[in-house]
Structures are given as C-alpha cells and as structure tokens.
Amino acid sequence: MSKITSDIVAKLWNLCNILKDDGVTYHQYVTELTYLLFLKMAKETGAENQLPQGYRWTDLESKAAPDRLEFYKMLLIHLGSHGATLVQEIFANASSFIRKPATLSTLVAEIDKLDWYSVHREDLGDLYEGLLEKNANEKKSGAGQYFTPRPLVNCMVNVMRPALTDIIQDPAAGTGGFLIAANHYLRTHHDFDTLTEAQQRKYRNSTFYGMEHVQDAHRLALMNLMLHGIDGGIRYGDTLSPEGAALPKATLILTNPPFGTKKGGGLPSRDDFTYATSNKQFAFLQHIYRGLAPGGRAAVVMPDNVLFESNVGTQIRRDLMDKCNLHTILRLPTGIFYAQGVKTNVLFFTRGQSDKTNTKAVWIYDLRTNMPQFGKRTQLNAEHFAEFEDFFGPDPQAGNTQHRHSRASGGPETARFRIFTREQIAERGDSLDIAWLKDDSAAGHDDLPEPVVLAQEAMSELEAAMEDLRGILEELGEEIEEMEL
C-alpha cells in the first residue's frame with residue numbers, strides 16, 4: 001500500500017470519531033462508510049451509470065444540510081431495488097445508523113475533501129482493504145471473525161499457486177480476503193494485457209465464487225471485489241443449506257470457515273452430506289472436499305478438534321483421507337485470531353481421481369511449538385511463514401516429497417516438519433493431532449498424559465466460546481444503549 005493510500009485510510013478511519021456521539025460501532029461505521037464510498041468512488045471512476053439518476057454522490061452533496069439525512073435514508077432504500085445488480089446487492093436492506101443531520105454533512109464534506117486524484121484506480125482496492133483490516137484489528141468491532149490475518153492468507157495463496165484456468169471458491173467468504181489475494185497473485189504472475197477480450201471477460205465473471213451468510217459482510221465483500229476489478233462472484237446465502245450445493249465445482253478452494261455449532265443446535269439443511277453433524281467446521285469440511293473437481297486442491301483453516309474429535313469426526317477424517325490426498329497440515333501459532341484461545345491448523349489436500357486410499361502419508365509442519373505469543377505487541381508477518389513456504393515446495397497438488405525430505409536436515413525430533421504414513425495415523429485411531437517437539441515454555445504440555453492434553457484442548461475451546469459470548473454481550477449492550485437513547 002502506498003503512503004498516499006495509507007494516509008487516506010487513516011483519515012477515513014479517524015472519521016469514525018465523528019459518529020461516536022451517535023452511538024455507532026466500528027463495524028457499523030465501516031458499513032456506513034461503504035455506502036458513502038460507493039457513491040463517491042462511482043463518481044471518481046466514471047461508473048455512475050450503474051446508479052439511477054437522481055441518486056448519486058452529487059445529488060447527495062447538493063442537498064441542503066438539514067435535508068441531507070432524510071434524502072440519504074431514502075437513497076439507501078431506493079438503491080436496494082434500483083440500478084445495476086451489484087448496486088442492488090450492496091444496498092440490499094440498507095439503513096443508516098446516523099441520527100443527526102450535522103453528522104452526515106460532516107462525513108460527506110470530509111470524504112469530498114480527500115485528495116482522490118492522488119489515488120491510482122488500482123489502489124482503491126488496497127484502500128478499502130486497509131479499512132477492513134483496521135476494523136478487524138479493533139477488538140470491540142467484533143469483525144475479526146470475518147478477517148483472516150493477511151500474512152496467513154498470502155502464505156496459503158503462495159503455496160497453492162492459483163492458475164488462470166482455476167475456478168476459485170471461498171464458501172465462507174467473509175469480506176473476500178482469500179479471493180482478493182488470489183486475484184492479486186494472478187495479476188502479479190501474468191501479463192493481463194496479453195489476454196484476449198474473451199479471456200478477460202471469463203476472468204472477471206467466471207473465476208471467483210463464494211458465499212457469505214452475514215449480509216453486512218456480504219456487502220463489504222462485493223465492494224471489495226468491485227474495487228479490485230472483479231464482478232460479483234460472492235453470493236448471499238448459507239453454504240450449509242441447499243444454496244451451497246449450487247456453487248460450481250471448484251479447482252481451488254481457499255477458506256477459513258466459521259467454528260462452533262449451528263445456531264439453535266440444528267443440523268445443516270444440506271441433504272448431500274454423508275455425515276450429519278451440527279458442528280460447522282465438520283460440515284464445511286464435507287462441503288469443501290465434496291465441492292472439489294477431480295484433481296482440485298484446497299487450503300482450509302480448521303480448529304484443532306477437527307484433527308482429533310471422535311465418532312463422526314473420525315468418520316469425516318477417514319472419508320477426507322480416502323477421497324483426497326491430505327498431504328500437509330500446518331499447525332498454526334496461537335493468538336493470531338480474534339478468539340485468543342482457539343488453536344488452528346491449515347489442511348492442504350487434493351481431490352483424487354477415485355474415492356479410495358488417496359492419502360498415503362501426511363506431512364505435519366509445527367509452527368506452534370516454541371513460537372512467540374502473537375497479538376498487538378508481536379505481529380504475525382510474512383517472515384514467520386517463509387520456511388514453511390520453502391518446505392512446501394513447487395507442487396501445489398501434493399507438495400514435493402523429495403524436496404521436503406532434503407530439507408528435513410534437523411532430524412525428525414528437532415525439525416518443525418515430519419512425515420507420518422497412513423498406517424501410522426491409523427494406529428493412532430486416525431487422529432491427526434500429532435506433536436513431537438518439546439515445548440520449552442512453562443505452558444508446554446507435550447509430555448503430559450493424553451487425557452490431560454485433551455482436557456487442556458477442551459479448556460481452550462471453552463475459553464474461545466466465552467470470548468465469543470463476551471463479544472455478543474458487548475454488542476447487545478451497545479444495542480440496548482442505542483435503544484435507550
């Protein structure tokens with residue numbers, strides 16, 4: 001991101017202070033800002049033909065200050081059912097959190113005052129991504145659940161090496177970060193000026209697919225894709241319902257699905273899942289490996305319990321290892337997500353041409369043991385993934401075993417990576433929760449009996465659930481305060 005772009009991000013973020021008196025939360029502010037920025041950027045980029053006449057930035061700006069808020073609220077409703085399809089999706093069920101006419105007038109004036117001519121058209125996407133990242137890093141916003149740390153996203157994309165022929169999907173799209181990163185990788189590694197018009201059109205309209213269940217996150221994702229030159233792609237809907245079954249088969253899936261159980265404790269309404277479970281991560285995992293075309297590949301963030309949970313969990317792991325080559329597991333450091341207690345991994349697998357015995361061995365890379373506690377003081381960055389990316393090798397289909405063996409020079413007991421055959425995994429009851437490094441920290445527990453380890457894993461999940469509950473209670477408190485006002 002250029003200095004000019006980052007300066008505008010900082011100025012836009014600081015405008016949030018104007019809305020504090022109206023009781024607007026950070027996440028509501030980014031949603032509100034999306035409406036205003038869409039209008040402004042449509043004007044700056046010559047895309048106002050998507051908007052009906054009379055409902056554009058100039059029309060909002062020209063209203064007298066006392067009348068502007070009432071017109072703005074009417075504009076939001078109108079754009080939800082008029083204009084281009086993208087406009088209607090971004091403004092679907094839109095409403096304003098602003099209560100005071102003076103607040104809106106200040107926002108409009110400050111946005112208009114920014115030096116938009118200094119921002120290159122291709123940098124507008126980076127500008128919006130910067131706002132989303134600031135929102136995700138603000139604990140009170142609760143938006144961290146929609147935002148995977150960018151160094152991790154970039155690492156997953158780098159080792160999977162998207163190709164122009166790929167059909168790329170994120171079934172839990174959030175604000176579109178994985179699809180944006182894949183788009184950036186492809187544009188960096190290919191000369192798009194050499195593509196024919198038909199290839200360009202195919203790329204814009206038939207390369208990126210996704211689904212998002214939260215409408216505010218969906219509108220942010222559409223705005224994000226639009227500013228990065230991608231048309232639509234992310235549908236509003238529930239992947240764990242029949243809507244998800246309608247997503248096209250993918251050759252590459254990159255995703256960080258939501259964790260926990262389905263609201264109300266019910267089962268997903270998909271009727272094509274072999275194993276019924278209310279556990280969202282196991283349901284998403286079934287969608288992912290069933291949604292890959294033969295030879296298609298996936299990189300998926302999953303919590304630890306996916307590696308060791310018994311009963312239906314064991315059945316799903318076996319089905320995954322049968323249908324796919326689960327060639328790599330990256331054990332991630334703690335503290336990199338919004339819920340500090342959650343321990344996570346990235347599963348890398350490739351769908352087989354047949355549905356049996358595709359996994360012969362699994363490489364596990366431990367980036368968790370003896371790593372710093374990440375948070376605001378210690379930031380996760382690309383350097384932390386450099387060795388893993390080198391270890392992964394040049395083959396995104398299944399990793400390069402010879403390449404990996406040549407790098408295991410530290411010996412199996414000290415190196416961060418180690419291979420386990422399918423037979424060794426079967427001897428463990430098909431548990432993939434495997435660690436061999438001694439944890440030098442006081443919190444280390446690798447040398448404790450297995451029941452104690454499992455109890456600590458359960459405590460970690462409980463802490464994460466409590467963190468989620470605290471976030472929900474905070475949001476409820478803010479809503480109650482607004483109602484009282």
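1. A quick reminder on terms: a salt bridge here is a side-chain nitrogen of Lys or Arg within 4 Å of a carboxyl oxygen of Asp or Glu. This is a predicted model, where local features need pLDDT of at least 70 and side-chain atom pairs count only at pLDDT 80 or more, while totals for chains, interfaces and linings use all residues. Residues are numbered from 1 along each chain as its sequence is written, and side-chain values use heavy atoms, with hydrogens and water left out.

2. There are 14 salt bridges in the structure. One of them pairs Glu110 with Lys113, N to O at 3.0 Å. Both sit in helix H7 (residues 101–113), three residues apart, so about one helical turn separates them. (Helices are DSSP runs of H or I, at least four residues, and strands are runs of E, at least two, numbered from the N terminus.)

3. On accessibility, buried means under 20% relative accessible area, exposed over 50%, and partly exposed in between, with a 1.4 Å probe and protein chains only. Lys113 is exposed at 60%, while Glu110 is partly exposed at 27%.

4. Arg219 is buried at 2%, whereas Asp216 is partly exposed at 23%.

5. Have a look at Asp430 and Arg422 too: their closest N and O atoms are 2.6 Å apart, in a salt bridge. Asp430 is buried at 5%, and Arg422 is buried at 18%.
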